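Dear colleague,

Please find below the structure that I am handing over to you. I would be grateful if you would look through it before reading the notes that come after it.

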Amino acid sequence: MSNIAQVIVNIPARSIDKPFSYLIPEQLPAIDIGWRVLVPFGSRKVEGFVISLEDEPTDGLKSILAVLDDYPWFNDNMLKTAEWLSRYYLCSPAEAMRLFVPGLSGIKSTKAYQAAHAIDCEQASILLAAKPAEYRTVLSYILDHGPVSQADLAKLPGSIETILKFLLQHKLIIHTDTVLKRGKASTIRLINLTVSKESAAQAEQALPPSKSAQRRLLHALIQTGELSPTELRNLHISADTVRKLTSQGLVASREVQIFRNSYNTIIHKVDEITLTTAQQQALQQIGPVLKAGIHKSFLIHGVTGSGKTQVYIKAVAEARGLNRQAIVLVPEIALTSQIVARFQAAFGQDVVVMHSKLSVGERHDAWRRLHSGQAGIVIGARSALFAPVDNLGVIILDEEHEFTYKQEDSPRYHARQVALFRARIAGAAVILGSATPSVETYHQALSGEHTLITMDKRVDNVPLPPVTVVDMREELLKGRRSVISPALTEMLAEALFRKEQAVILLNRRGYSTFVLCRECGHVLKCRHCDIALVYHTPGHSLRCHYCQERHTVPDTCPECGSRYIRYFGAGTQKVEEALNALFPTAKIIRMDQDTTTKKMAHDKILAAFAAGTYDILLGTQMVAKGHDIPNVTAVGIISADTALNLPDFRAAERTFALLTQAAGRAGRGNKAGRVVMQTYNPDHYAIVNGGMHNYQGFYENEIIFRRQLNYPPYSNLIKITVQAGDEIQVHRNANQLAAELSPVSANAATTVIGPFPASVAKVKDIFRVNILIKTKDMAEVTGHLANLNIACRKDVIIDIDPINVL
DNA sequence: AGCACGCCGACT
DNA sequence: GTCGGCGTGCTC
């Protein structure tokens, strides 16, 4: 019989990357693979995950202390996914497994201090005689009060840490460790009748009028059958009243688990929508795969407004009909409330929404609803991938090209990759959807890895809006220096005249993008980061967009002392000012990071705009996503090339996607839309094709460039970043690391580039140097990297399939 | 991550 | 001589 468990301890240290063996005590026979347990680890008690069982007897093993749940937390699919994740992304097994545990650790440990059992008071006074009085105060406090927490002791004078350490060392006190389970389920008591309604009515009659509360309670119970604590409160019935009737044997209560639900969106009624031919054709391909229960992936390339969401809903309905579960991923829950609302309208309580703003308790509830099968659909950002679904039928990635699908801290996974893996081992379908698929995904679809489904018409054949490209170089030659060109002004004026709405995109927040001394050319930079400061109008301050520090605007240039300091470049605040000057009566709302800091502020701004409270919505890329407002007929893009000039191989892809998404906001209802795009690079293929809604044209240009420079999809990338607080040190460390990588570059399929300073060489006083690996043999390189043991180094970040090479 | 063990400077 | 600084190294 297996009585030894291999346990991954949940400790966020990358150096602990192996399982530890523990004895399974006889009184805990249920322990099996996938269970969460409490184990002794060093001098502490920590949460652990059982990953396998063994029966080889080994000496010196500690025993598992307890189980944390009454069911296995991980199923086979989840364990395999975690194992793959840790191997592919070079993270520790604990890091990978923690993704599946909402709210980080499932346990909370509280330390308490109490007097040692065999305390010798005489010896104690001798020991403490030489010590300051505080030592004696602390000891007598502990003697008087029994077990006390450190928080309590902290109120006492003196440096408590040192005193406690001394007392522990001399065995005058001991400390205990109480481990509590977190995320307890919430329950409420429902009050009901224990007798028939008739006898209850008789009892009510029999009560004297003075006992009005009891009469009211009986009356209400006869009416409704069962009452919740909230309803009792509304009826002004106290717990005492309930107790009285309980003792008379008339009422009783039962405890039921409740689920916290902060996502109280108004659920709109479902209109039965007639599917378009394209939607039907898409479902004809997906349906049989779901029925057969085999893994297959689809790429739905559908123009903005082609009705992809309806296909997702029907596919999920199909999976649910087969009693299989669904995971629906959206790039950012705050920007995609419309799709969430549509799923809730279609599936009601079968949908669980997971997002980062959920509290630990809400997260647990969501988890339990899925795990217990009370809900079968989870919709959320990338973390929803790790939901406990038993019988996975389909995973949907809406807007699959979005970079938010890549997690930017360890484990640096890409949701698309994980989705494909999880679905493959579960025999489930994956549906990737986008109007502008990532170059990698589209390339895979063309080579047959995904089934390509094209939806190139908008629902009801609404035409895509015509795009006017304004060459800002020519504007400048004509002496027009305003950030808003005449073409854009004219379009806005017309839309406002017709009482239609406009969306304006400018991918830069703040007022001006840099501050320059016209005397010596000095650009004001952040003290802690190697980046230009941005001028913000509110508070008349300079802000660093990397470390958020505010600097005051200097009167004179810190380099040459000149007073000739000027602001250059335009941010959203400056455009807002310009729009106010051009259209004084128009109501303008700005949406960027500065105006959306509050919880759900996106939603509120978008809702107000959709309701017609504002005429113009101005903002950064968040205005280009998700919403579908019929009255928006004009879209203006202030500077189409903001992202184009970044030194990154995905700059063109990013630009094309943003332009296409933004342009797609116009004319989604029955009114024709228009787009004006201002640019300094009107001939660039990302902008030319963005203006023509021509994905194919863009792709054909881009793929040539990718092939020439051996970038993805023709290779896989690994970015290694070395960090240090000292500039010389960081280069020394990076060069040394590059030398260690020589066995990696020995393979002809692999090239190592760098070290070279990161595009922003210093952030928050930390210098960063990158090494880039391009390879056609990912497994070999990651194998080497694992052997070199650099993944656990604190000053090194390994990013597998990085989203940028900056 | 914690916590122990361990080897060198400033004090009663 | 002791206290205590935080540099390695281990945790079944």
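This is a predicted model: local features need pLDDT of at least 70, side-chain atom pairs count only at pLDDT 80 or more; totals for chains, interfaces and linings use all residues.

Rolling a probe the size of a water molecule over the atoms shows where empty space is left. A search of the whole structure finds two cavities of 30 Å³ or more.

The largest cavity has a volume of about 60 Å³. Its lining consists of Arg14, Tyr89, Leu90, Ser410, Arg412, Ala791, Ile797 and Ile798. By class, five of these residues are nonpolar, one is polar and two are charged. Domain 1 (4-106) and domain 6 (716-800) both contribute to this lining, so the cavity lies between them.

The second largest cavity has a volume of about 50 Å³. Among the residues that line it are Leu505, Asn507, Ile637 and Thr655. Helix H21 (residues 651-663) provides the largest share of the lining, three residues. Six nonpolar and four polar residues make up this lining, with no charged ones.

- A polar backbone atom of Ser21 is 2.6 Å from a base oxygen of DNA strand C.
- A polar backbone atom of Gly42 is 3.1 Å from a sugar or linking oxygen of DNA strand C.
- A polar side-chain atom of Lys62 lies 2.5 Å from a phosphate oxygen of DNA strand C.

Strands E2 (20-23) and E3 (36-41) each give two or more residues to the surface near DNA strand C, and E2 gives the most, with three.

Yours sincerely,
A colleague

Key: Residues are numbered from 1 along each chain as its sequence is written. Chains are lettered from A and ligands numbered from 1 in the order in which they are written. Side-chain values use heavy atoms; hydrogens and water are left out. On a 1 Å grid over the protein atoms alone, a cavity is a set of points where a 1.4 Å probe fits but cannot get out, and a pocket is an open set with protein on both sides within 12 Å along at least five of seven lines; lining residues have an atom within 4 Å of a point. Grid points are joined across faces, edges and corners, and a volume is the space filled by probe spheres set on the points. Ala, Val, Leu, Ile, Met, Phe, Trp, Tyr, Cys and Pro count as nonpolar, Asp, Glu, Lys and Arg as charged, and the others, Gly among them, as polar. Domain bounds come from an automatic or database domain assignment. Helices (H or I, at least four residues) and strands (E, at least two) are DSSP runs, numbered from the N terminus. A polar contact is a pair of N or O atoms within 3.5 Å; within protein, one must be able to donate a hydrogen and the other to accept it, and residues adjacent in sequence count only if both atoms are side-chain atoms.
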